[in-house]
Amino acid sequence: MASVTFDKATRLYPGGTKPAVDALELHVEDGEFLVLVGPSGCGKSTSLRMLAGLEDVNGGAIRIGDRDVTHLPPKDRDIAMVFQNYALYPHMTVADNMGFALKIAGVNKAEIRSKVEEAAKILDLTDYLDRKPKALSGGQRQRVAMGRAIVREPQVFLMDEPLSNLDAKLRVSTRTQIASLQRRLGITTVYVTHDQVEALTMGDRVAVLKDGLLQQVDSPRTMYDRPANLFVAGFIGSPAMNLVEVPLVDGGVKFGGSIINISRDELAGAGTDKTVTVGIRPEHFEIVPAGGIEGVAVTVNVVEELGADGFVYGTTKIGGDDKDIVVRVHGRQIPERGETIHVVPIGHETHVFSTSTGARLSA
Ligand SMILES: Nc1ncnc2c1ncn2[C@@H]1O[C@H](COP(=O)(O)OP(=O)(O)O)[C@@H](O)[C@H]1O
Ligand SMILES: [Mg+2]
């Protein structure tokens, strides 16, 4: 096993003007499950492919443990990769598919068989070893692809959106299986997804990329509770955090009738800006009675009922402008469309960002 280090690793595609991955600095601990997440085109696959040796590195270095692998061919890196299109060989049995890489490497038959059987046991595929891929469900095929990676006992697993081809329900159960399998095997894993829920639920830590630039690396909890900038704040969490530009007043910022306190030090980060951007997650509003001085009136446009709770999509007036806002409400207190509710942000759960730079200002 080994750690993985991206040391200012950069990839500029031929003919490109801007790097697809720009001076990526990231250290993945030995045995860690790190998820790279970000919108389509942000450089996730390119990062993974640089680590795999499938893409040139134009600047910086990549290390596995203390080996500099920057210019090593893929086969010398001791990694195994699982892709979205896991392309099993249709004419081979599950066992042969899983053992194929070992066969190519010249490992003897008995050893291949024992490794394949061991992997099949872990992946719950023992009863399917003699089947062809077409006689398997999508989830089982996915596990065969995992099995192919496991039998090689690599130092590092690389996975690029391995669940994207599965239907929604299977995706949820398979992500739990992959995460628990990784913990059991303890193999350092870099996992790529565009899905922030997948990132939060699977990763020991999550790295958010945007336009080839690393935005934040943190545990899922910290990422959710303390997003480092406006981009991460808007990207992590569903429905997304409400982000509202509000004027600065003495001692803090004003949101409707409530003052959100921020310290002088934190405010200094706003520079000469006249406003800051306040972030409030949908679950961090309190519903208050009409007529109170603090509440912000929200006109209910759409209600999404989820049973235990619901989301109200409404409109409110902030500084004279209409602003869309999402509020989580209790499942037994769902308002009607067209109704007006009054909400107050829960003070210590609010976030403040610089409007001009997007940087987090609140502690
Ligand atoms: N082979 C390539 N040649 C030129 N540009 C590429 C190539 N592969 C990807 N890109 C560009 O690099 C950027 C990052 O792509 P990619 O790493 O595939 O993003 P992601 O996996 O996050 O969706 C995108 O702008 C994409 O168009
Ligand atoms: Mg990709």
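Select helices α4 and α5 to begin: in α4, Gly 138, Gly 139, Arg 143, Met 146 and Ile 150 meet Leu 170, Gln 177, Ile 178, Leu 181 and Leu 185 of α5. Contact here means heavy atoms within 4.5 Å. Helices (H or I, at least four residues) and strands (E, at least two) are DSSP runs, numbered from the N terminus.

Before moving on, a note on what you are viewing. This is a predicted model, in which local features need pLDDT of at least 70 and side-chain atom pairs count only at pLDDT 80 or more, while totals for chains, interfaces and linings use all residues. Residues are numbered from 1 along each chain as its sequence is written, chains are lettered from A and ligands numbered from 1 in the order in which they are written, and side-chain values use heavy atoms, with hydrogens and water left out.

**Stop 1: the helix pair**

Stay with α4 (residues 138-150) and α5 (residues 168-185): their axes come within 11 Å and cross at roughly 20°. Axes are lines fitted to C-alpha atoms, for helices over the stretch in contact, and angles run from 0 to 180 degrees between N-to-C directions. The two helices therefore count as roughly parallel, a term for angles under 35 degrees.

**Stop 2: a loop residue**

Now pick Ser 164, in the loop between β7 (156-160) and α5. Is Ser 164 buried, partly exposed or exposed? Its relative accessibility is 28%, so Ser 164 counts as partly exposed. Buried means under 20% relative accessible area, exposed over 50%, and partly exposed in between (1.4 Å probe, protein chains only). Leaving aside neighbours within four places in sequence, Ser 164 is in contact with Gln 84 and Arg 171.

**Stop 3: helix α2**

Select residues 94-104, which form α2; its buried residues are Val 94, Ala 95, Asn 97, Met 98, Gly 99 and Leu 102. Their cover includes α3 (109-123) and α4. Just after α2, look for Gly 106, which has a positive phi of about 85°.

**Stop 4**

**Stop 4: a hairpin**

Two strands pair if DSSP finds at least two bridges between them. Which residue of β10 is the bridge partner of Val 208? Gln 216 is that partner. β9 and β10 form a hairpin with two residues between them, and Asp 211 in the turn has a positive phi of about 50°.

**Stop 5: an open sheet**

Next, show the four strands that form an open, antiparallel sheet in the order β2-β1-β4-β5. β2 (21-28) and β5 (67-68) are at the edges with a single partner strand each, so one side of each has no neighbour in the sheet. Helix α1 (residues 44-52) packs on the sheet, touching β1, β2 and β4. Then zoom in on Val 4, whose bridge partner in β4 is Ile 64.

**Last stop: the whole protein**

Zoom out to find nine helices and 20 strands. Buried residues make up 47% of the 363 residues, and the C-alpha trace spans about 80 × 45 × 35 Å along its principal axes.

Definitions and conventions: Parallel < 35°, antiparallel > 145°, perpendicular 65-115°, else oblique.
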